[in-house]
Amino acid sequence: IDLKNEPHGMASWGTGNSNTDWNTAAEHAAAAIIAANSKLLVFVQGIQENAICSSFTSHWWGGNLEPFACAPLEIPRERLVLSPHIHGPDTKKQAYFLSPDFPKNMPTLWDLHFGFLSDQGYAVVIGEFGGRYGDGGDFKDKLWQDALIAYLAQKQIKNIFYWSWNPNSGDTGGILQDDWQTVRTDKVALLQRLWGDQARQLACNDKFV
């Protein structure tokens, strides 16, 4: 159960404001879900910006899990999945994409935003990422996705949701090309670096099956 898509704006974490603290809302929701079905996994996304326990590094909607370090979720660890959403240059021009050392600067940023939780043994699943991967978008997006897949492989974070299968998402395109049948083999090859031969199940003779 993914509790809410991309908390952002007024959403806060650990500030003590019951009207805006996403972490306490997630705890209440998780308790109700687990009481109804103790076998379910509860996915909790991050927020965007936060007044405390958070860097000023332009987080994505649902992508900021930094405040967890100050206010851990009171959800059973075996039921909890932390699920940040992150994107690259095709979605929004963030300042860190302009750094002279891009994309080498990205792993440090990902560690700060969510990677530290994987290091602490929490289940981390990237709930959304994608991009046009060099086909009609920013050329840096391919560099970004290549760097992210390498980072996830190094962290052993192999559970991800790639945005998207269908091609009509304007800023990301899809795994399918615009004809809705032909598979983007370059994107499949990208995912294969993380998933191995399982990624080949996305394609059969370059056609949708």
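Colleague: Is the crossing where α2 passes α3 left-handed or right-handed?

Modeller: Keep in mind that this is a predicted model. A crossing is right-handed if the near helix is turned clockwise from the far one by less than a right angle, and left-handed if anticlockwise. By that rule, the crossing of α2 past α3 is right-handed.

Colleague: Are α2 and α3 roughly parallel or roughly antiparallel to each other?

Modeller: The axes of α2 (residues 106-119) and α3 (residues 140-155) come within 11 Å and cross at roughly 30°. Angles under 35 degrees count as roughly parallel. The two helices are therefore roughly parallel.

Colleague: By class, which residues make up the contact of α2 with α3?

Modeller: On the α2 side you have M106, P107, W110, D111, F114, G115, S118 and D119, and they meet W144, A147, L148, Y151 and K155 in α3. Sorted by class, that contact has three charged, two polar and eight nonpolar residues.

Colleague: Is L117 buried or exposed?

Modeller: L117 sits in helix α2. Leaving aside neighbours within four places in sequence, L117 touches L65, F68, L82, Y122 and V124. Its relative accessible area is 0%, and buried means under 20%, so L117 is buried.

Colleague: And T20, buried or exposed?

Modeller: T20 lies in the segment before α1 (22-36). Beyond neighbours within four places in sequence, T20 is in contact with M10, A11, S12 and T15. Its relative accessibility is 18%, and the cut-off is under 20%, so T20 counts as buried.

Colleague: What radius of gyration does the protein have?

Modeller: The C-alpha atoms fill a box of roughly 50 × 45 × 30 Å along the principal axes. A compact globule with 209 residues would have a radius of gyration near 17 Å, which agrees with the value for this protein, 18 Å.

Colleague: How much of the contact set with a separation of 6 or more comes from residues 24 or more positions apart?

Modeller: Contact here means heavy atoms within 4.5 Å. Among contacts with a separation of 6 or more, the share from residues 24 or more positions apart is 64%.

Conventions:
Residues numbered from 1 in each chain as written. Predicted model: local features only at pLDDT ≥ 70, side-chain atom pairs only at ≥ 80, totals over all residues. Heavy atoms only, no water. Axes fitted to C-alpha atoms, helices over the stretch in contact; angles between N-to-C directions. Helix = DSSP H or I, 4+ residues; strand = E, 2+ residues; numbered from the N terminus. Parallel < 35°, antiparallel > 145°, perpendicular 65-115°, else oblique. Nonpolar A, V, L, I, M, F, W, Y, C, P; charged D, E, K, R; others polar. Rg over C-alpha atoms; globule rule 2.2 N^0.38 Å. Buried < 20%, exposed > 50% of the residue type's maximum accessible area, 1.4 Å probe, protein only.
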